[in-house]
Amino acid sequence: MSRFHSTTILAVRHKNRVAIGGDGQVTLGNVVMKSDAHKIRKLHDGRVLVGFAGASADAFALLERFEAKLKDFQGSVPRAATELAKDWRMDRNLRRLEAMMVTLDQDNLLLLSGTGDVIQPSDGIAAISSGGPSAQAAARALIEHSSLNAAKVVRAALEIAADLCIYTNRNIEVEELS
């Protein structure tokens, strides 16, 4: 059975703003199955942004659980992420999920891995999935050598990743919190 490969998700904290973006491509083996998938979601009345990658059903299951944790902990992204990570590591069914998430609010940017880790990047840049390393490298360079704001860094870095990664396209969606 062919394996789904998909996406690039990139989040950036820069100049007192945070932005997250993702491309729209989903592939099965060497075939593009969908080019306009939406992998960025606004949660908690638009105060929290989440990008997800991996098996679609698994990613949506995690997204739903994260949203429930946000409600349980009054919108606290670090607490919701930590509690989700605990569940992810301890629950036999959740451990089998093949997905990752990047979540952010005005004060926090966190990466939740498939092993139940919660990682806060020290440089304010987090990227996941197929084109993640390319997008992350491009974002670092753009922040260092340009005057672009967070949303423009995300878009430009994702476009660079789309030029390099066959599992990433230029159908880019970017959301920003100011």
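This report walks through the fold of a predicted model, from overall size down to a sheet, its helices and a hairpin.

Residues are counted from 1 along each chain as its sequence is written. Because this is a predicted model, local features need pLDDT of at least 70 and side-chain atom pairs count only at pLDDT 80 or more, while totals for chains, interfaces and linings use all residues; side-chain values use heavy atoms, with hydrogens and water left out.

**Overall**

The protein chain has 4 helices and 12 strands (DSSP runs numbered from the N terminus: H or I of at least four residues for helices, E of at least two for strands). Its radius of gyration is 15 Å, close to the 16 Å that the globule rule gives for 178 residues, so the chain is as compact as a globular protein of that length. That radius is taken over C-alpha atoms, and the rule is 2.2 Å times the number of residues to the power 0.38. Along the principal axes, the C-alpha atoms fill a box of roughly 45 × 40 × 25 Å.

**The sheet and its helices**

An open, antiparallel sheet holds 4 strands in the order β11-β2-β3-β12; strands pair if DSSP finds at least two bridges between them. β11 (125–128) and β12 (173–177) are the edge strands with a single partner each, so one side of each has no neighbour in the sheet. Ignoring direction, neighbouring strands are turned by 10° against each other on average. Axes here are lines fitted to C-alpha atoms (for helices, over the stretch in contact), and angles run from 0 to 180 degrees between N-to-C directions.

| Helix | Strands touched | Direction angle |
|---|---|---|
| α3 | β2 and β11 | about 160° with β11 |
| α4 | β2, β3 (17–22) and β12 | about 25° with β3 |

The helices also pack on each other: α3 (residues 132–145) and α4 (residues 150–164) meet at about 135°, with axes 8 Å apart. They are therefore oblique to each other, a label for what is left once angles under 35 degrees (roughly parallel), over 145 (roughly antiparallel) and 65 to 115 (roughly perpendicular) are taken out. Residues in the contact include Ala138 and Leu142 of α3 and Ala157 and Leu164 of α4.

**Strand pairs**

Back in the sheet, 4 bridges join β2 (residues 9–14) to β11, and Ala11 has Ala126 as its bridge partner there. Elsewhere, β6 (residues 40–43) and β7 (residues 48–54) run antiparallel, joined by 4 bridges, with Lys42 opposite Leu49. Their hairpin has 4 residues between the strands, and His44 takes a positive phi near 50°.

Key
Contact = heavy atoms within 4.5 Å.
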